[in-house]
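Subject: Structure handover and notes

Dear colleague,

Here is the structure we spoke about, with my notes below it. Please look through it before reading on.

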Amino acid sequence: MDLGWLISTIVATILGATFATLIITMNKKVVRDRKGNIDFSRSDIYFQWTRWDYVIIIAAVYTFLCILGLFLFLLRGDNIDSPWIQFFIHQTFVFSLITFIWFITRIAFVFKGIKERWSDEFK
């Protein structure tokens with residue numbers, strides 16, 4: 001494994017764990033029923049702007065900066081053997097995937113909450 005991939009893996013692990021911790025700590029505000037499922041009629045957290053939204057924005061901005069860094073090093077003439085190219089390729093892939101999954105999950109929770117809370121509106 002080359003230096004760029006190794007450093008990128010370490011950075012991705014640290015940032016990913018930090019972002020996940022910020023999101024997971026919101027679970028104490030989620031009201032659950034007896035079965036352990038989310039009770040959307042009593043959990044307002046999915047209908048408010050929360051840390052989750054800030055984490056998604058920060059991850060998206062970081063992804064954009066990694067794409068920009070990759071572009072700049074490619075314009076400079078570096079190739080895949082450069083540790084910087086390896087770093088930015090790995091970071092771009094990992095954080096674009098994480099950002100996409102978190103964004104889709106956030107939207108899914110909001111839509112599920114709307115469906116359960118105001119189900120009579122959709123019949």
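This is a predicted model: local features need pLDDT of at least 70, side-chain atom pairs count only at pLDDT 80 or more; totals for chains, interfaces and linings use all residues.

The buried residues of H1 include Gly4, Ser8, Ala12, Gly16, Phe19 and Ile23. These residues sit on the same side of H1, because they cover an arc of only 75 degrees around the axis. An α-helix has 3.6 residues a turn, so residues three or four places apart point the same way. On the other side of H1, Leu3, Thr13, Ile14 and Ile24 are exposed. The cover over the buried residues of H1 includes H2 and H3.

In H2, the buried residues are Trp52, Asp53, Val55, Ile56, Ala59, Thr63, Cys66, Gly69, Leu70 and Phe73. Their cover includes H1 and H3. Just after H2, Gly77 has a positive phi of about 105 degrees.

Nonpolar cores

The largest nonpolar core holds 16 residues, and Phe19, Tyr46, Trp52 and Trp102 have the most contacts inside it. Two or more residues come from each of helix H1 (3-24), helix H2 (51-76) and helix H3 (83-117). H2 gives the largest share of this core, with four residues. Trp52 is worth a look in the viewer: leaving out residues up to four places away in sequence, Trp52 touches Ile23, Met26, Tyr46, Trp102, Thr105, Arg106 and Phe109. A second, separate core has six residues, among them Cys66, Leu70, Phe73 and Phe88.

Salt bridges

Asp53 and Arg106 meet through their side chains at 2.9 Å, N to O. Asp53 belongs to helix H2 and Arg106 to helix H3, so this pair ties together parts that are 53 residues apart in sequence. Both Asp53 and Arg106 are buried. Arg106 is also among the residues that Trp52 touches.

Arg42 pairs with Asp39, with the closest N and O atoms 3.2 Å apart. Are the two partners buried or exposed? Arg42 counts as exposed because its relative accessibility is 53%, whereas Asp39 is buried, with a relative accessible area of 17%.

Asp78 pairs with Arg76, and here the closest N and O atoms are 2.9 Å apart. Asp78 counts as buried at 19% relative accessibility, a value that falls under the 20% cut-off. Arg76 is exposed, with a relative accessible area of 58%.

Buried polar residues

Ser43 is placed in the loop between H1 and H2, and its relative accessible area is 0%, so Ser43 is buried. A polar atom of the Ser43 side chain lies 2.7 Å from the backbone nitrogen of Val31. Not counting residues up to four places away in sequence, Ser43 touches Val30, Val31, Ile38 and Arg117.

Gln91 lies in helix H3 and counts as buried, because its relative accessibility is 0%. Its side chain makes a polar contact with the side chain of Ser8, at 2.7 Å. Ser8 is one of the buried residues of H1. Apart from neighbours within four places in sequence, Gln91 is in contact with Ser8, Val11, Ala12, Tyr62, Cys66 and Ser96. Cys66 from that list is also part of the second core.

An exposed loop residue

Arg34 is found in the loop between H1 and H2. At 90% relative accessibility, Arg34 counts as exposed. Arg34 and Leu65 are 31 residues apart in sequence, and their C-alpha atoms are 44 Å apart in space.

Regards

Technical notes. Residues are numbered from 1 along each chain as its sequence is written. Side-chain values use heavy atoms; hydrogens and water are left out. A nonpolar core is a set of buried Ala, Val, Leu, Ile, Met, Phe, Trp, Tyr and Cys residues joined through side-chain atoms within 4.5 Å. Buried means under 20% relative accessible area, exposed over 50%, partly exposed in between (1.4 Å probe, protein chains only). Contact means heavy atoms within 4.5 Å. A salt bridge is a side-chain nitrogen of Lys or Arg within 4 Å of a carboxyl oxygen of Asp or Glu. A polar contact is a pair of N or O atoms within 3.5 Å; within protein, one must be able to donate a hydrogen and the other to accept it, and residues adjacent in sequence count only if both atoms are side-chain atoms. The arc is that of the directions from the helix axis to the C-beta atoms.
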